Amino acid sequence: MPTGRLAAVAAGSSVAVGLFPGDSTLGLLVVNGLVLVVALVDWALTVRPAAVAVERELPAVVTLGQSARIMWWVGNPGGRRLRVSLADELAPSLRAGRRRLTLIVPGRGRAGAGTDIRPARRGRFELREMVVRVEGPVGLMARQERRMLPATMRVYPQFASRDEAELRINRARILQIGLRSAQGRGGGTEFDSMREYGPDDEFRRIDWAATARAGKPIVRTYRAERNQTVLLLLDNGRVMAGRVADVPRLEHAMDAVMMLAAVATRLGDRAGLVAFDREVRAVVPPSHSAAQLTRVTEAMYSLQPELVESDYEGAFVETLARFRRRAMLVILTELAEQALADTLVPALPLIVRDHLVVLGSVQDPAVVASANSSPDSPAGSYAKAAAVAALEERRRLVGRLRGMGATVVDAPPGRLAPGLADAYLKVKATGRL
Amino acid sequence: MTVVGTAAPAGAKSALVRSLPLVGLGLAVVVLALLTGGRRTDGEPLDPRSTAPLGARALVLLLERFGARVEVAGDVAPRDTTAVLLVDRLGEAARTRLRQWVETGGTLIVADPMSDLAPALAPGDAGLFGDEEAGDGDLLRPRCPLPALAEVGRIEVPGAVPLRVGPGATGCFPVDDGAYLVARPMGGGVVVALGGGGPFVNRQLDDADNAVLAVSLMAPRGDERVVVLEPSAPGSGREGLSDLVSRRVKDALWQLLVAFGLFALWRARRLGRPVLEPQPVQLAGSELVGAVGNLLQQARRRDQAATMLRAQLRRSLSELLGLPVDAPPAVMAEAAAQRAGVPPGQVADALAPTPVPDDASLVRLAQLVESLRKEVSHAR
């Protein structure tokens, strides 16, 4: 293919054509013939793109909201300096600084350049090919080819509540090891160890048999139960597609999933995940391994809300068939009455009997603001009335679900994950699981 | 050995910004063409369509009054009997056609002394002011044997020049060595050349016997077909732009076209296809609530909206004041007055299930509900 330089040379030679001696169009033919010959020779001498070594360096995993760097390297096998242009298959939502670049590669040398990416959405990004264009020695002609260079980059969801999670884990541990006195009914119910009586210990905790054997007062210490199961049921259906605070509801729910998984596994409990819409999309069996947070994230990162009605009953059946132990079931969904009344509400009694059910949902601040607004136009007044009615409906649904024995956490964005973690910690502290 | 090269800078300007100068240039050309392209129709002297003082519309009307069929055209037709050439801007081809037409028997009146069809100018002073012999100042008398001019007395010819009377030609209105009017046969026809079109302009036509001269020359019988040859506008010749441009320039333009083709080929093959990716759903979570509000407004369900707002106030007050939700409005109003100092009438008004007559009332109700809610909750 021709290059811009060839076009420029052709344009410049119009002067030569105009000044060509003689009165016929011979000049046009002679000048173009010369340019054509030079261009053909240039094309023949152009290195084939397949002969150029092309590499791409990119991180396998990027977390949403963070930036990463992509590097491209071009190796020149020949002795002549090459001008190589590259175009990589970077999706727009990776927000790369550039995806096309031109490199001057010295003879038998290597040249590289990079750009920063800052993904705008999570998910799996498949990069297949790279287009390579090599210019000829004179730069009049170029050869262009596609090179298959498959790679995958995963963009994980943002764990916005990481700090909140650390805070709760530390607090719970402090309580556990007894650096501070336990609050509430706490102290746990599972036998932990025996130690010598201290002045602040309760009398009822004295183990008389051990005291008799040891000849000094010995108390039993207890700790919160471990190895309990927290199952996170993530709704991936249509109700989770609506955007709240500029991201889909699903993102808020994922934040909560990651926080609960982090807190539960770090406190010695087993956390698992079931993501579902009309069918089950992802299952991570409960485990208390340190890598569980990574596994849960890995299972979730490519989920996109499906525009279908979620099948709660099917998800419950699937979940209970796999995991029979009593567990804390955290259902992350949207409290939309018309969606839940037909599916979740009838299915709830099945699981409330044997499990501790917690429902988590994110409130829409736009609706709350509209309900609490003081409108100055008819449109605003009708909107306020609609928002008030929607909140009222939501309140009724929460009351109904609570009446059936479920715990409901309906919190604004950013507060859902901490609210659910607090609910979990409370359940642990009170030994309800 | 590894040598690290340099990366060329990436072009950052968008295509739109780059094409702006071209678009601007195109617009400028169009505006210029519109401003300069229109032909002026009233200002040309001796224009047979112009009614300006120096136009010749009166001549056409005069001839028509005397029975001639006058046509204003750019060329003669075989059926025409008389052609009048007031201003000669004919191309070579048109002039040749005119000569051929005269030779087939036509009468041509040329009022442009600079025309190739007129005889050469008489030697001496170019100016011609009058018939000195008759002592008439600017006026001329025929003094010639042409029967057609028998009825013409004196004519006024400002700014005209004398023509040389060649062999075989007849000169009338003599002055010095020449004559104002020279008639000479050409083939089967005759060419009458005048030393200027001054007598035929609108302003001068009714001076002296100018009109008689016009009718005597152009419509003596009354059934002639006269064609007044229109002074053609500049640029209306048969030579196009391409005839005027030299071959070298044309070759250079062809070469630029070749360059443009190469440019197009270069730009046509892009470096890497656009990358497609699935677009996420862009639907606000509050969309449904907003839609319900719009529907209420379009259906004018003011009372329904008012009921919703009152229910909110009732529930908020019952929570804040510790009263049952279905407590009578009077009880709520009293409790609110005691706790928060809200006028009891306001609460009772807001809670009363009265119809809402218009949107303004609904806005007032919504504002009242919100202010009451805030006052009571802040008073707690």
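Student: How many bridges join strand S16 of chain A to S17(A)?
Tutor: This is a predicted model, where local features need pLDDT of at least 70, side-chain atom pairs count only at pLDDT 80 or more, and totals for chains, interfaces and linings use all residues. Residues are numbered from 1 along each chain as its sequence is written, with chains lettered from A and ligands numbered from 1 in the order in which they are written. S16(A) covers residues 327-332 and runs parallel to S17(A); strands are DSSP E runs of at least two residues, numbered from the N terminus, and two strands pair if DSSP finds at least two bridges between them. The number of bridges here is five.

Student: Which residue in S18(A) does A:Leu359 stand opposite?
Tutor: S18(A) spans residues 407-411 and runs parallel to S17(A), with five bridges between them. Opposite A:Leu359 stands A:Val408.

Student: Why is S17(A) largely enclosed by the rest of the structure?
Tutor: A residue is buried if 20 or more other C-beta atoms, placed from the backbone, lie within 10 Å of its own. One side of S17(A) has A:Leu356, A:Val358, A:Gly360 and A:Val362, the other A:Val357, A:Leu359 and A:Ser361, all buried. S17(A) is largely enclosed because its buried residues number seven of the seven.

Student: How many residues does chain B bring to the contact with chain A?
Tutor: Two residues are in contact if their C-beta atoms, placed from the backbone, lie within 7 Å. Chain A brings 71 residues; chain B brings 53.

Note on methods:
A residue is buried if 20 or more other C-beta atoms lie within 10 Å of its own, exposed if 12 or fewer, and partly exposed in between; C-beta atoms are placed from the backbone. Helices (H or I, at least four residues) and strands (E, at least two) are DSSP runs, numbered from the N terminus.
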